[in-house]
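Here is a short report on how the strands pair and where the nonpolar side chains gather. Please read it with the structure open.

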Amino acid sequence: MRIAPDGRHIAVDYRHGLPELTENGAFQTLCTGLPDQVFLGLSDMAYGPDGTLWFTDSGRSSLSDPTGRVYAWKDNVLRLVLNCVLYSNGICLSPDGAGVYVAATRAHQVWRFSARLPSRVRL
C-alpha cells in the first residue's frame with residue numbers, strides 16, 4: 001500500500017485488483033482490469049512525480065507463458081503500458097521521474113521505458 005499524492009491509501013492486491021482503504025477502514029475496489037482484460041494478479045507499485053500510479057500485473061507468468069503486464073493509473077483512467085513481460089515483478093521510477101524500471105524476474109532482466117504517457121492510447 002502507498003499513500004497517493006492526494007492522500008488516498010491505495011494498494012495493489014493479487015486477488016482483489018486495485019483497492020483503496022476508505023476513511024471508515026473498509027476496502028473499496030477501484031479497478032479489476034480493463035473491460036476485456038481482467039488483472040492476472042497485481043504485484044508491485046510506485047508513484048511518479050506527476051501522481052501516476054505505475055503497477056505490475058504478473059499473475060503466474062513465466063518464460064513459457066510471458067503474460068505479465070505493466071499498467072499506469074492516472075485521474076481514474078487505467079492504461080496498459082507493457083504486455084508480455086516475463087513475470088513483471090518490481091517497479092520503480094528514476095530519480096527524475098522520467099523513466100520507469102520493471103523487473104522481468106523470470107528473465108533476470110530489468111526493463112526501462114519512458115514514463116511519458118501519450119495523451120491518447122489505443123488499447
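Two strands count as paired if DSSP finds at least two bridges between them. This is a predicted model.

β9 and β10 form a hairpin. Between them lie 2 residues, and D75 in the turn has a positive phi of about 55°. β9 also pairs with β8, again in the antiparallel sense. β9 is mostly covered, with 6 of its 7 residues buried.

The table lists pairings with their bridge counts and an example of facing residues.

| Strand pair | Sense | Bridges | Facing residues |
|---|---|---|---|
| β3 and β4 | antiparallel | 4 bridges | L18 and C31 |
| β8 and β9 | antiparallel | 5 bridges | W54 and A72 |

**The open sheet**

An open sheet of 4 strands has the order β1-β2-β3-β4, with antiparallel pairing. Which strands stand at its edges? They are β1 (2-3) and β4 (27-31). Each has a single partner strand, so one side of each is left without a neighbour in the sheet. The partner of β4 is β3, which spans residues 18-21.

Strands of a sheet pair through backbone hydrogen bonds, either parallel or antiparallel.

**A buried serine in a loop**

S58 sits in the loop between β8 (53-57) and β9 (68-74). Is S58 buried or exposed? Its relative accessibility is 1%, so S58 counts as buried; the cut-off for buried is under 20%. Leaving aside neighbours within four places in sequence, S58 contacts L40, G41, S43, G68, Y87 and S88.

**The nonpolar cores**

In soluble globular proteins, nonpolar side chains tend to be buried together. Here the largest nonpolar core has 16 residues. L18, L53, F55 and L78 have the most contacts inside it. The elements that give two or more residues to this core are β7 (42-47), β8, β9 and β10. β7 gives the most, with 3 residues.

What does F55 touch? Not counting residues up to four places away in sequence, its contacts include L18 and L78. Also among them are V12, F39, L42, M45, V70, Y71, W73 and I91. F55 touches D44 and R69 as well.

A second, separate core has 10 residues, including V70, L93, V102 and F113. V70, in this second core, is one of the residues that F55 touches.

Methods: Residues numbered from 1 in each chain as written. Predicted model: local features only at pLDDT ≥ 70, side-chain atom pairs only at ≥ 80, totals over all residues. Heavy atoms only, no water. Buried < 20%, exposed > 50% of the residue type's maximum accessible area, 1.4 Å probe, protein only. Contact = heavy atoms within 4.5 Å. Core = buried A, V, L, I, M, F, W, Y, C linked by side-chain atoms within 4.5 Å.
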